[in-house]
Amino acid sequence: MARRRRRLFARWYPGLAASLEERGLGEWRRRLLAGLEGRVLEVGCGHGVNFPHYPGAVTELVAVEPEAHLRDLADEQAAALDRTITVIDGQAEALPVETGSFDAAVSTLVLCSVEDQDKALAEIHRVLKPGGELRCLEHVGSANRVIRAGERAFDAVFWSHAFGGCHTARDTGAAMARAGFDTGTLTPRRFPDLPFPLWVSPHLIGSARKPD
Ligand SMILES: C[S@@+](CC[C@H](N)C(=O)[O-])C[C@H]1O[C@@H](n2cnc3c(N)ncnc32)[C@H](O)[C@@H]1O
């Protein structure tokens with residue numbers, strides 16, 4: 001059932017993402033990825049919407065995506081760019097790559113959807129070199145406990161079913177710290193930049209580092 005929901009979501013996500021790109025998400029992606037270099041792993045790359053934003057100093061990008069339809073689109077995006085990008089099948093909870101082999105990892109709007117966030121973050125931590133960083137842009141649960149309880153209920157009855165297993169109530173910053181990342185430089189931010197808050201407005205943006 002969860003698998004089927006994710007497959008359906010994969011069909012309409014690229015259209016939804018296109019409207020968000022115009023609302024400022026594209027600019028956030030560019031800022032998030034600025035300064036990256038070396039070998040980078042992107043987890044849950046979707047249709048490859050981050051690919052054009054990687055700086056030239058990124059010498060190799062390996063992008064993991066479990067949905068076949070999104071992988072095909074990501075492959076097309078990679079082929080259109082003159083870059084070393086490999087798109088592979090895989091899940092964040094069991095990354096098919098070597099331990100300690102990446103300078104940086106990237107996750108944008110993915111840790112809300114993985115089935116097991118602790119396992120996914122332990123895997124990302126495993127594949128990074130000591131001192132490597134996880135650049136992330138993730139929507140997270142509200143800091144207000146009452147609102148957070150409402151988010152959990154909303155996830156259970158509607159949101160996760162409609163949005164491919166996405167959760168609005170996750171405390172992703174705490175999960176990163178549990179996995180061993182230094183999260184001190186992650187910034188809470190509201191997105192999109194509207195005069196009123198949306199259900200999924202609170203975000204964490206920035207870099208979490210694996211200690212040396
Ligand atoms: C909301 S989309 C975001 C896609 C892309 N990262 C972006 O910024 O537009 C969520 C993505 O996470 C992927 N995903 C879901 N569960 C996953 C898992 N366990 N491991 C890796 N990726 C996963 C989905 O297939 C989808 O591509």
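User: Before we start, what does buried mean here?
Analyst: Buried means under 20% relative accessible area, with a 1.4 Å probe and protein chains only. The model is predicted, so local features need pLDDT of at least 70, side-chain atom pairs count only at pLDDT 80 or more, and totals for chains, interfaces and linings use all residues. Residues are numbered from 1 along each chain as its sequence is written, and side-chain values use heavy atoms, with hydrogens and water left out.

User: OK, which residues of helix α3 are buried?
Analyst: In α3 (residues 117–127), the buried ones are Q117, A120, L121, E123, I124, H125 and V127. Helices here are DSSP runs (H or I, at least four residues), and strands are E runs of at least two, numbered from the N terminus.

User: And what covers the buried residues of α3?
Analyst: The cover includes β1 (38–43), β4 (102–108), β5 (128–139) and α5 (172–178).

User: What caps the N-terminal end of α3?
Analyst: D116 does, with a side-chain oxygen 3.2 Å from the backbone nitrogen of D118.

User: Switching to the ligand. Which residues come nearest?
Analyst: Y13, R29, G44, E65 and T108, out of 20 residues around the ligand. A residue counts as near if one of its heavy atoms lies within 4 Å.

User: How far is the polar side-chain atom of E93 from a nitrogen atom of the ligand?
Analyst: 2.9 Å. For Y13, a polar side-chain atom lies 2.6 Å from a ligand oxygen, and for R29 the corresponding distance to a ligand oxygen is 2.8 Å.

User: Which helix gives the largest share of the shell?
Analyst: Helix α1 (residues 2–33), with 4 residues.

Definitions and conventions. A polar contact is a pair of N or O atoms within 3.5 Å; within protein, one must be able to donate a hydrogen and the other to accept it, and residues adjacent in sequence count only if both atoms are side-chain atoms. Buried means under 20% relative accessible area, exposed over 50%, partly exposed in between (1.4 Å probe, protein chains only). Contact means heavy atoms within 4.5 Å.
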